[in-house]
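Subject: Structure for you to look through

Dear colleague,

I am passing on the structure we talked about, and I would be glad if you kept it open while you read. My notes on what was found follow directly below.

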Amino acid sequence: MKKLICWLMIAMMLLSSAALADSSRVTGTIPKGMLAVSAIEGLFSDTGFEMTIGDIKLSGAVQADGSLLVGNAQQSFRVSVAGAALLAPLMQRLKSEPTFENAMYSSKYIQAQQIELSAAETLQLALSALDACPLLDAAGTLRPALEQAAAPNETWATVTRYEADVRQYPNDWMVQVNVFAPVLPYMRIEVESDDFGSSFEVAISETPVTDWDETVLAIEDAAPGQAAGKLVQGFTMVYDNGKEKDTYVEAVTIGFEQAYKLEMDCVVNDAEPRSWYAAGTLSNTLTGDVVLEAGLQSVSTSAAPAPQVSTDNVTNAAAVFQALLGL
Amino acid sequence: MAQNARARYMRRFRQALLPCGLLCFMYGIWGAMEVFTGNAGNFRFTYFEALIPLLAVTVPASLLLAAAAALLKKRPFSLALCVILALSVCSYVQNMLLNLNLGLLEGSRVDWSRYTRHGVINLLIWAGLFLALVVGLMLLKKHTRRAVRAVSAVLLAVQVASFGVVSARHLTSDAHSARDTTYVLTGDQQYNVSAEGNVIVFLLDYFSNDYIDSALRLYPDMLEPLRDFTYYDNCDPTYIGTFPSVVHMLTGNPFDNMVPIDTWFQQSWEGEKARYFYSALAEKGYKFNFFDSSNDYFGIQYAQPYVNNLRVLQRSDYTVRYDRLVKSMLQLSAYRYVPHALKQYLEPDTFTFYSAVPLNGGEVTTCLNRNAFYNYLEGQGLRKVQGDGKYFIIQFLKGTHPPYHLDENAAYDASATLEQTAAGYMKIVAAYLDKLKAQGVYDDATIIVTSDHGDKENSMQIMYFIKEAGVHRQEMAVSSAPISHKEMLGTLLRNMGVKSDLPSIYDIPEDEPRERTVMRNYIDTNYPYVPKYHSTAVGTHTVMYAYTYTGDRMALRKQFRRGPTQILPLTESFN
C-alpha cells in the first residue's frame with residue numbers, strides 16, 4: 001500500500017508536469033525514501049510521454065477522445081479528465097432548481113443552495129465519478145460493488161454550493177457533497193476554492209452518519225488506534241508573481257494505518273513554461289520519517305516522445321502498477 | 001349638517017391615526033434609530049441630534065397622512081386604512097424575516113444582479129401577503145376599521161416598547177456617554193510640512209503586497225517614482241484590520257483579547273513603550289500630526305498627550321445638516337423595510353452620514369472622500385512651515401479597500417479595478433513626493449509607504465516601502481527580510497536619530513528564518529458572541545485566529561490553508 005501511494009505521488013507529479021508540457025525533457029532524482037533511485041528521465045509533449053524511473057519504463061499516449069492511456073506495451077489504464085462534465089449538470093441544477101436555498105452569514109459565505117439526490121441519482125453520480133476518475137477505483141473492485149449495491153429508500157446525498165460575498169470574494173465558492181447512504185461508503189467531499197487555490201477534504205465513515213460535521217470532528221480528534229473513520233485533508237495553492245508561477249499541493253491523512261503528509265511544489269517560469277522545477281515529499285506525520293522525496297527539473301527540447309502503450313489490454317491502475325513494480 | 005360632516009371627518013381622522021402613525025413611526029424613527037443605537041460609534045451625530053429632526057418629520061407626516069386618508073369616506077376610507085396597515089405589516093415581516101444578509105454597510109456596493117431570483121420571490125411574497133391582508137380585512141366589513149386599529153395598536157406598541165428599551169440601554173451606556181468626550185483629528189495642517197525635517201508615513205489602510213504584483217503587470221512603471229526607496233516584499237502586518245493594527249503599530253502594545261477594547265486602547269497609549277516612544281519623539285523636536293477621519297479605530301482620546309492635531313469635539317465645532325441627516329436616515333430606514341427588488345434604489349452611502357455633520361473647518365480629507373486628497377495636493381500643493389519644529393506625519397488613506405474607487409490617474413471612478421486603484425494610490429504618493437521636492441524637503445525626509453493590513457485571506461501580507469533621509473538610488477532596492485509592523489516604532493526612532501532597544505527593520509537579516517504570527521478577527525460559532533465595542537448591540541466577531549509561520553507570503557498562505565495555529569476568544573468585538 002505504502003509503495004503504491006509513493007508511485008501514485010510520482011505519477012501525479014509527472015502527470016501534472018505533462019499538463020504543463022509542450023515538448024520538455026524532465027530529469028530528476030529520488031534521493032530519499034523507500035523508492036530511492038538515482039535517476040528519473042522523461043520526455044513530454046502534448047501527444048504523450050515516455051519516462052524511466054530507475055529500471056521501470058512507463059509511457060502515456062493521448063487518445064482521440066482526449067483521454068490518456070498510461071502503461072506499457074503490455075497493459076495500460078485510462079485517465080480521463082471529465083470531472084467538469086460530471087459536475088456541470090449538478091451545478092446547473094443547483095442554480096435552477098435547488099431543493100433548499102438559504103441566505104446565511106459567516107465571515108465569508110452569505111448564500112447556500114442545496115439539492116438532494118435520491119438513491120438512484122447517488123449511485124449514478126458515483127458511477128460517473130468512477131468513469132471520470134478511474135484512479136478512484138485503482139483496484140477495480142468498487143464499481144462491481146456499487147453496481148450490486150441495493151438502493152434502499154433511505155439512501156440519499158446532498159450537494160451544497162456556498163457562495164461568498166462577491167464584493168470582496170468574487171471568485172470564491174465552496175461545494176460540499178454529503179453521502180448519507182450505504183450505496184457508497186458514508187462520505188463527505190468538501191472543496192473550497194478561491195483565486196489562490198483550493199482546500200479539500202474527503203471523509204469516510206464506516207458507520208452510519210447523521211451529522212457530518214460531528215463525524216469529521218470525531219475523526220480528527222480520535223486517539224491513535226481508535227479511528228472513527230478516514231480523512232484526507234489538504235489544499236492546493238497557485239501564485240504567479242509576474243515572473244514565476246508557484247503551484248503547491250499539501251495533504252494529510254488521518255485515521256489510516258499510518259499518518260502521511262504529502263507536499264508537492266512546482267515552480268514554472270512564466271516566460272518559459274517548459275522550464276520548471278518540482279519537488280515532492282511524503283512523510284510519516286507521527287514519526288517524521290521521510291517515506292519519499294523526489295525532485296524534478298524540466299527543460300525544453302525539440303525531441304518528441306515515442307510512447308508505447310497497449311490499447312488492447314486496458315485494465316485498472318492497480319493492475320498496471322502491480323505488473324510494473326512487482327508489488 | 002356641516003357640523004355632522006366635520007364630526008364624521010374628525011372620527012375618521014382619529015381612526016386613521018393609529019395605522020398612519022404605525023407606518024410613519026416604522027419608516028421615520030424605528031428603522032433608522034435601531035441601526036443608530038446598535039452602531040452609535042460609527043455616526044458622528046448624537047442620539048438626540050438624530051431623533052429630534054426625525055420626530056419633527058414623522059409626527060407631521062403621520063398627521064398629514066391621517067388627514068388625507070380621512071378625506072375618503074365609507075368603503076374607500078376603510079380600504080385606505082387596510083392598504084396602510086398592509087404596507088406596515090409587509091414592511092415589518094420584510095425586516096424581521098425576509099431580508100437577506102447583504103453584509104456590513106461599510107461602503108462596498110451590493111451586486112444586485114446576483115439576487116434577481118430572490119427579488120422576484122420576495123416581491124411575490126409581498127404581493128401575496130399584501131393582498132391577503134387587504135382582502136381579509138375588507139371581508140370583515142363593519143369590523144374592518146376596528147381590526148385595523150387593533151392590529152395597528154399591537155404592532156405599534158411592540159415597536160415603541162422595543163424602541164424604548166434600546167433607547168434606554170443606549171442612553172445609559174458608554175456608547176452614549178462617550179459622545180461627551182469625543183476627540184477628532186483635525187485637518188488644518190494636513191498639507192503642511194516642516195522646513196526643519198519630516199518623517200512621513202503613508203498608511204494606505206488595506207494594501208497587500210500581492211496587489212503590488214498584480215498592478216505592476218498592468219502598470220510596469222508604477223513604482224518608478226519610488227526609485228530611492230527600498231521595497232520590503234515580505235512584511236507582516238501582525239494584525240488584519242485597522243483595529244487593532246494601527247494602535248499596535250503606533251504603541252507597540254500587542255492586542256489583549258482578555259480585556260475590553262477601551263481598556264486595551266488605554267493600556268496601549270499609556271503603556272511604557274508608547275510613553276518612551278513619544279517622549280523620544282518630543283525630545284528630538286518632532287510634532288506628531290495624524291490625519292484620518294475615522295478615529296473610532298484608535299482609542300484616540302488616550303493619545304491626547306502625543307497627537308498635535310487632536311481636539312475634543314465641541315458642539316460648536318460642527319454643523320448638523322439636518323436636511324442631509326434626515327434624508328440619509330430615512331433612506332437607511334426604508335432600505336430595511338422595502339421589498340428586496342427596491343433596495344438597490346435605496347442603498348445607503350456611508351459617506352452621506354459624514355457629510356451630514358461636517359466640521360466647521362479642519363476636516364481631514366482622507367479616507368471617505370474619494371480623491372479629494374489628490375485634488376487638493378495637485379491644486380494647492382504642500383506648504384512649508386518654518387519654526388514649528390520637525391513633523392512626524394501620518395497620512396491615512398483608504399488604499400485598495402473595496403469598493404475600488406480610483407483609476408490609475410488617481411481620478412474617482414466607481415467602477416475602478418483593484419489594479420487601477422493600487423496604481424492610483426501610487427500616483428498620489430508620487431504626487432506628494434513631487435511636492436516635497438518642490439518645497440526642497442524631500443532629501444532630508446524619511447518616508448514610509450505601507451498599509452496597516454492586507455486581505456483577511458490569502459493576501460494577508462502588506463507592502464512596505466521606505467526611503468531614509470539622504471538616500472538616492474538609480475533603481476529601487478528590494479529586500480525579502482521577514483519584517484513586520486512590530487518594528488515600526490524602532491524603525492521610526494532609528495530614522496529620527498534616536499538610539500533605542502526597540503527592534504527596527506534593519507535588525508532583521510534577509511535570510512533569517514523568523515517565526516511571525518498574524519491575527520484576524522473571525523466569526524467562529526463554536527465560541528460565544530460578545531458585546532460590541534461602544535454599542536448596546538451584540539458584536540459580530542467571536543474570536544481572533546492566529547496564524548504562525550516561518551518564511552514568506554507563500555508560507556503564510558500555506559498556514560492559512562492549514563488553519564489557525566491558535567484561537568483567542570474575544571472579550572469584546574470591535575464590529
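In the hairpin that strand 14 and strand 15 of chain A make, with five residues between the strands, Gly255(A) takes a positive phi near 90°. Please bear in mind throughout that this is a predicted model. Strand 14 (residues 244-254) and strand 15 of chain A run antiparallel and are joined by nine bridges, and within this pairing Val252(A) stands opposite Lys261(A) of strand 15.

A hairpin of six residues leads from strand 15 to strand 16 of chain A, and Tyr260(A) stands opposite Asn284(A) in strand 16.

Of the 575 residues of chain B, 46% count as buried. Among the contacts in chain B with a separation of 6 or more, 76% are accounted for by residues 24 or more positions apart.

The contact is made by residues including Leu81(B), Leu85(B) and Tyr92(B) of helix 3 and Val148(B), Val151(B) and Leu155(B) of helix 5. By class, this contact of helix 3 with helix 5 of chain B has seven nonpolar, four polar and one charged residues.

Helix 3 of chain B also packs with helix 4 (residues 116-139) of chain B, at an angle of about 140° and with the axes 9 Å apart, and the crossing of helix 3 and helix 4 of chain B is right-handed. Among the residues that make this contact are Val83(B), Ala86(B) and Val89(B) of helix 3 and Trp126(B), Phe130(B) and Leu133(B) of helix 4. Here the contact of helix 3 with helix 4 of chain B has 17 nonpolar, two polar and no charged residues.

Chain B also contains an open sheet of four strands in the order 5-14-15-16, with mixed pairing. Why is one side of strand 5 (239-240) and of strand 16 (566-569) of chain B left without a neighbour in the sheet? Each of them stands at an edge and has a single partner strand, so one side of each has no neighbour there. Strand 5 pairs with strand 14 (residues 515-522) of chain B in the parallel sense over two bridges, and Ile240(B) stands opposite Arg520(B) in strand 14. Helix 17 (residues 553-562) of chain B lies across strand 14 and strand 15 (543-550) of chain B, and runs at about 135° to strand 15.

Notes. Residues are numbered from 1 along each chain as its sequence is written. Chains are lettered from A and ligands numbered from 1 in the order in which they are written. This is a predicted model: local features need pLDDT of at least 70, side-chain atom pairs count only at pLDDT 80 or more; totals for chains, interfaces and linings use all residues. Two residues are in contact if their C-beta atoms, placed from the backbone, lie within 7 Å. Ala, Val, Leu, Ile, Met, Phe, Trp, Tyr, Cys and Pro count as nonpolar, Asp, Glu, Lys and Arg as charged, and the others, Gly among them, as polar. A residue is buried if 20 or more other C-beta atoms lie within 10 Å of its own, exposed if 12 or fewer, and partly exposed in between; C-beta atoms are placed from the backbone. Axes are lines fitted to C-alpha atoms, for helices over the stretch in contact, and angles run from 0 to 180 degrees between N-to-C directions. A crossing is left-handed if the near helix is turned anticlockwise from the far one by less than a right angle, and right-handed if clockwise. Two strands pair if DSSP finds at least two bridges between them.
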